[in-house]
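Visitor: I am new to this one. Could you walk me through it?

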Amino acid sequence: MKPRNALSPWLFLLPALVIALAFHIAPFIDTIVKSFTNYTPSRGGRFIGFDNYIRMLGDDNFWLALGNTALYMVVVVPFMVLLPLLLAMLAKPKVPGIGFFRASYYTPVVASMVAVGIIWQMLLREDGIINWLFSLLRPGTQAINFLSDSNLFLFCCMAVTIWKGLGYYMVIYLAGLANVPSELHEAASMDGAGIFRRFWSVVLPSLRPTMLLIALLSAIAAMKVFAEVYVLGGGATAGPANSGLTMVFLIRQNMSSFDSQVGYASALSLSLFVLTIGLSIAYVRMTRQETAS
């Protein structure tokens, strides 16, 4: 190729490369460097080696945030894998009015998190709709303030995450269901398989790659959860007694204090990055095993 022709593709890529370098690669390298310093905006910083990581291992808030994040992932991911599949199966048939239901399922995905938080606060507060329904079913029942109970707060955040994400993963499942070969359904029907048998023997095996992808996406989203805790907790704290403290919220706490501990927050960010990469590697290996089999 002539030098001018060889240069042309890079000229087309240049705007995207500049944006990636300025807003992704350079900040990432800066985070790595700062994680080995005691940098603060007011005093600057100096190299301290692995002190931030040693401090992290002895920080009770880190272990609380890590445990809450792991619990969040363990609880949310199964719901995100199974419930959207059920919705997709219900929304797949082409019947009159099905477009309305598909749009209704997807509406929470595009809704503002602030609006979603207000709706769920109306549902969960002491004089909210859920307690009102409990009082109708069982008069005299003591009202529960879900958002002030340290044992319930994190699960309330999980409920918001699940409700808001169902429509998004439903769309992915609808795309996967559209790619299930019709010949397999026809062959199973000719063998006398009923609807549940076809679902178990035809649909689920065909959707395994999709289910693995959704498990990965929902797990990464659960590890990065912040907005739900911030909105339901009022922004100042991570719920009662820090019961909703997650990794991202802990990073935010260290970054938004009066004298932000940027170095320590950078170390926390890198630890979360390593965990996310570990999940992605596990997904790639599982996908290769599925392909090989």
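**Thr69 and its surroundings**

Visitor: Which residues is Thr69 in contact with, leaving aside its neighbours within four places in sequence?
Guide: This is a predicted model. Contact here means heavy atoms within 4.5 Å. With neighbours within four places in sequence left aside, Thr69 is in contact with Ala222, Met223, Thr246 and Met247.

Visitor: How far is the backbone nitrogen of Met247 from a polar atom of the Thr69 side chain?
Guide: Met247 is one of the residues in contact with Thr69. From the backbone nitrogen of Met247 to a polar atom of the Thr69 side chain, the distance is 3.1 Å.

Visitor: Is Thr69 buried or exposed?
Guide: Thr69 sits in helix H3, residues 60-91. Buried means under 20% relative accessible area. Thr69 has 4%, so Thr69 is buried.

Visitor: How far apart in space are Thr69 and Ile281?
Guide: In sequence, 212 residues separate Thr69 and Ile281. In space, C-alpha to C-alpha, the two are apart by 19 Å.

**Helix pairs**

Visitor: How are H3 and H4 oriented to each other?
Guide: Helix H4 covers residues 98-110. The axes of H3 and H4 are 10 Å apart, at an angle of about 160°. Angles over 145 degrees count as roughly antiparallel. H3 and H4 are therefore roughly antiparallel.

Visitor: Which residues of H4 make the contact with H3?
Guide: The crossing of H3 and H4 is left-handed. H3 brings Leu87, Leu90 and Ala91 to the contact. From H4 come Ile98, Arg102 and Tyr105.

Visitor: How are H5 and H7 oriented to each other?
Guide: H5 spans residues 113-124, and H7 spans residues 153-178. Their axes come within 11 Å and cross at roughly 130°. That angle lies between the ranges for roughly perpendicular, 65 to 115, and roughly antiparallel, over 145. H5 and H7 are therefore oblique.

Visitor: Is Lys34 buried or exposed?
Guide: Lys34 belongs to helix H1, residues 3-34. Not counting residues up to four places away in sequence, Lys34 touches Tyr39, Asn52, Val262, Gly263 and Ser266. The relative accessible area of Lys34 is 17%, and the cut-off is under 20%. Lys34 is therefore buried.

Methods: Residues are numbered from 1 along each chain as its sequence is written. This is a predicted model: local features need pLDDT of at least 70, side-chain atom pairs count only at pLDDT 80 or more; totals for chains, interfaces and linings use all residues. Side-chain values use heavy atoms; hydrogens and water are left out. Axes are lines fitted to C-alpha atoms, for helices over the stretch in contact, and angles run from 0 to 180 degrees between N-to-C directions. Helices (H or I, at least four residues) and strands (E, at least two) are DSSP runs, numbered from the N terminus. Angles under 35 degrees count as roughly parallel, over 145 as roughly antiparallel, 65 to 115 as roughly perpendicular and the rest as oblique. Buried means under 20% relative accessible area, exposed over 50%, partly exposed in between (1.4 Å probe, protein chains only). A polar contact is a pair of N or O atoms within 3.5 Å; within protein, one must be able to donate a hydrogen and the other to accept it, and residues adjacent in sequence count only if both atoms are side-chain atoms. A crossing is left-handed if the near helix is turned anticlockwise from the far one by less than a right angle, and right-handed if clockwise.
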